[in-house]
Amino acid sequence: MKIAQLSPLWESVPPQLYGGTERIVSYLTEELVRQGHEVTLFASGDSKTAAELKACCSRALRLHESGLVNRDAPMILMQELALGATSGQYDVIHSHLDFLSFPMSRRAHAPVVTTLHGRLDLPELQPIFNEYSEMPVISISNAQRKPLPQANWAGTVYHGIPKDLYTMHERPGSYLAFLGRISPEKCPDHAIEVAKRVGIPLRIAAKVDPADQAYFKKNIERLLDHPLIEYVGEINDAEKNDFLGEAAALLCPYDWPEPFGLVLIEAMACGTPVLAYRQGSIPEIIDHGVTGYICGSIGEMAQAVSGLSLIDRSRCREIFEERFTVERMVKDYLAIYEHMAAATHRPRLVPHARTSGHVRAGTALTLAPQTDVA
């Protein structure tokens, strides 16, 4: 198939440090190329890929040091280049820009499908998805869908990562780990409290976005001044292998409807169990008592630490290989791509969201209800 992948420009593909969406775009793109598909990746110029790279800015916007003022300009250019492509240039266009690509997707010659990577429970999203109700979208967990039952769901596809990216660590380490972002919804303060209650060191590998600097300064920085707590900052993939693999457990005390949580399956790939709150997709990813423990409070999470010896680390790795590899993710996406490409070639009319007229399928493709492929 001829496939276009549209990545956010905030991070490179793959990201140098933190960046969940761009990491998934990279895994998906490289595996599609490996399987023989003709893939064009629209991303920042410092991205590395075996696909054809269409660079829409020289460097990832978060790390851009040249004084770029208007960061919307490269995003608009990327959408014009991809979604304005001529008929037949792509069999399917896969956007990872959430709803930002919806307006231009309405005039695309190829079918466009969008994976929604973020939270969908925000009230301001309701009118957007009411307006663009014909746009095919993919969820990354079934829980993510719940706030938007009216959306045109094409399927649920769980994230997957390469099997050889992380290695199995048979023996648990002597510390707990927190990996991701320092932000209110990730609750690093809860992880710190758990470590203090059980008397086990906690290592925190996380970035602090500009929007979260005030939260970090006010709520977290003072908590790091404790003999059990070590803050190591952002780390890359190579560093994550040992950081996660040598931990006794990964702590995910999230206080938000987690759409997926890539770090959960990264830990499982290392054989490391996960302790997480029952939020969003967590019960879909973590098998309670098998790959970790699903908790309801700081107290429950602290109690669960004592049960880590009952978790079989090799079974964590086995479940990762069964459910969360890049090969399985690509298989699921290809099923949706092929369904959409086939539907585009069937002559039929679908209603446009705003007018009483009609547009041809392929410009605004409406999918029949489909069983989740996750």
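Predicted model: local features only at pLDDT ≥ 70, side-chain atom pairs only at ≥ 80, totals over all residues.

Trainee: At what angle do H9 and H12 pack, and how far apart are their axes?

Mentor: Two packed helices are described by the angle between their axes and by the distance between those axes. Helix H9 (residues 262-269) packs against helix H12 (residues 313-323) at about 125°, and their axes lie 7 Å apart. Axes are lines fitted to C-alpha atoms, for helices over the stretch in contact, with angles from 0 to 180 degrees between N-to-C directions. Helices (H or I, at least four residues) and strands (E, at least two) are DSSP runs, numbered from the N terminus.

Trainee: Which residues of H9 and H12 make the contact?

Mentor: With contact meaning heavy atoms within 4.5 Å, H9 contributes Ile265, Met268 and Ala269, and H12 contributes Cys316, Arg317, Ile319 and Phe320. By class, this contact has six nonpolar, no polar and one charged residues. Ala, Val, Leu, Ile, Met, Phe, Trp, Tyr, Cys and Pro count as nonpolar, Asp, Glu, Lys and Arg as charged, and the others, Gly among them, as polar.

Trainee: How do H1 and H13 pack?

Mentor: H1 and helix H13 (residues 326-344) meet at about 75°, with their axes 10 Å apart. H1 is therefore roughly perpendicular to H13. From H1, the contact involves Ile24, Tyr27, Leu28, Glu31 and Leu32; from H13, Val326, Glu327, Met329, Val330, Tyr333, Leu334 and Tyr337. These residues divide into 10 nonpolar, no polar and two charged.

Trainee: What are the angle and the axis distance for H6 and H11?

Mentor: Helix H6 (residues 188-198) and helix H11 (residues 298-305) pack at about 50°, and their axes are 9 Å apart. That angle makes H6 oblique to H11. His190, Glu193, Val194, Arg197 and Val198 in H6 meet Ile298, Gly299, Met301, Ala302 and Val305 in H11. The contact has six nonpolar, two polar and two charged residues.

Trainee: Turning to the backbone, which two residues does a cis peptide bond join?

Mentor: The cis bond joins valine 13 and proline 14, with omega of about -5°. Proline 14 belongs to the loop between strand S1 (2-6) and H1.

Trainee: What is the phi value of aspartate 98?

Mentor: Phi of aspartate 98 is near 55°, a positive value in a residue other than glycine. Aspartate 98 sits in the loop between strand S4 (92-95) and helix H3 (102-105).

Definitions and conventions. Residues numbered from 1 in each chain as written. Heavy atoms only, no water. Parallel < 35°, antiparallel > 145°, perpendicular 65-115°, else oblique.
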